[in-house]
Amino acid sequence: MTPSLEARSLSLVRDGNVVLNQVSFTAAPGEVYALLGGNGAGKSTTLLTFLGFLQPSGGKVLVGGREVAADIEAARAQIAYLPEAASLYGHLDAYENLSYFLDLAGRKVTRAAIDAALDQVALPHAARTRRMQAFSKGMRQKTAIALALLRDTPILLLDEPTSGLDPVAIDEFHDMVKALAAAGRTVLMVTHDVYGACQVADRVGLLRGGRLVGSFEAAEGQRIDTETVHAAFAEREAA
Ligand SMILES: Nc1ncnc2c1ncn2[C@@H]1O[C@H](COP(=O)(O)OP(=O)(O)OP(=O)(O)O)[C@@H](O)[C@H]1O
């Protein structure tokens with residue numbers, strides 16, 4: 001099967017610093033790949049190269065088997081991206097924000113479809129018609145996740161998706177990601193959260209200083225062992 005996402009010896013220099021160094025991994029339809037690493041490891045940078053916002057200095061990135069640089073628009077059309085700090089408008093309510101951003105992405109959605117997505121992320125009904133400037137961080141994050149879902153793309157790139165969510169919302173989010181993968185989507189999520197990565201991912205790649213220094217895969221029907229990944233993360237961080 002052609003991987004939905006592939007980094008092939010991806011290297012990237014930003015402001016003269018090597019930020020990604022020969023990074024290779026793939027994520028296939030139906031898979032959740034978690035790129036785990038500390039601050040500055042290069043996680044967000046990796047996502048930005050898949051979106052064509054940054055160009056590799058060496059190697060390549062492919063979306064649906066096609067090099068991103070060859071057709072950036074085609075790559076972006078397949079991807080819903082949840083940025084680390086989603087910018088939604090404070091003076092608009094949740095419905096207005098979602099309609100507006102989906103319109104920009106060329107998608108027309110009904111109020112019922114928006115409600116279904118907001119149900120999926122468990123944003124309370126009473127909040128949906130309130131201006132988002134009154135939203136908590138978690139409520140904003142839920143709305144941003146709903147926006148990514150409503151894009152209805154085969155690939156999701158999620159940057160620290162659970163930041164700002166409470167423990168119940170995090171568990172619900174993980175269940176949702178697993179359901180999306182079971183329905184054939186490809187999810188690449190970047191995170192600092194060892195537990196969350198192991199909870200949800202089929203594969204975890206450990207990124208440190210721009211290098212992929214470890215790779216962990218779930219055995220059939222099992223989860224990746226959190227202790228093992230945590231030990232590797234801690235060991236590398238101390239190195
Ligand atoms: N706009 C930029 N210009 C130049 N260098 C940058 C820029 N943004 C990030 N970097 C550098 O690239 C490296 C990787 O940053 P990146 O944001 O990809 O890390 P990250 O793993 O996502 O970190 P975090 O967990 O803190 O979000 C860091 O050394 C950072 O200083």
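Q: Which residue stands opposite Glu67 in E5?
A: Leu62 stands opposite Glu67 in strand E5. The model is predicted, so local features need pLDDT of at least 70 and side-chain atom pairs count only at pLDDT 80 or more, whereas totals for chains, interfaces and linings use all residues. Residues are numbered from 1 along each chain as its sequence is written.

Q: Why are E2 and E5 said to stand at the edges?
A: The open sheet of four strands runs in the order E2-E1-E4-E5, with antiparallel pairing. Strand E2 (17–27) and strand E5 (66–67) each have a single partner strand, so one side of each is left without a neighbour in the sheet. Helix H1 (residues 43–50) packs on this sheet, touching strand E1 (5–14), E2 and E4.

Q: Which residues of H3 are called buried, and what does the word require?
A: A residue is buried if 20 or more other C-beta atoms, placed from the backbone, lie within 10 Å of its own, exposed if 12 or fewer, and partly exposed in between. In helix H3 (residues 94–104), Ala94, Asn97, Leu98 and Phe101 are buried.

Q: Why are the buried residues of H3 said to line one face?
A: Seen down the axis of H3, they fall within an arc of 95°, so they line one face of the helix; the arc is that of the directions from the helix axis to the C-beta atoms. These buried residues pack against helix H4 (111–120) and helix H5 (137–150).

Q: What makes Val32 a contact partner of Val177 and Ala201?
A: Two residues are in contact if their C-beta atoms, placed from the backbone, lie within 7 Å. Leaving aside neighbours within four places in sequence, Val32 is in contact with residues including Val177, Ala181, Met189 and Ala201.

Q: Which domains does the assignment give, and how many residues of each are in contact with the other?
A: The bounds come from an automatic or database domain assignment, which gives domain 1 (5–78 + 153–238) and domain 2 (89–151). Ten residues of domain 1 are in contact with nine residues of domain 2, and helix H6 (residues 167–182) gives the most to the domain 1 side, with three residues.

Terms used. Helix = DSSP H or I, 4+ residues; strand = E, 2+ residues; numbered from the N terminus. Pairing = 2+ DSSP bridges. Axes fitted to C-alpha atoms, helices over the stretch in contact; angles between N-to-C directions.
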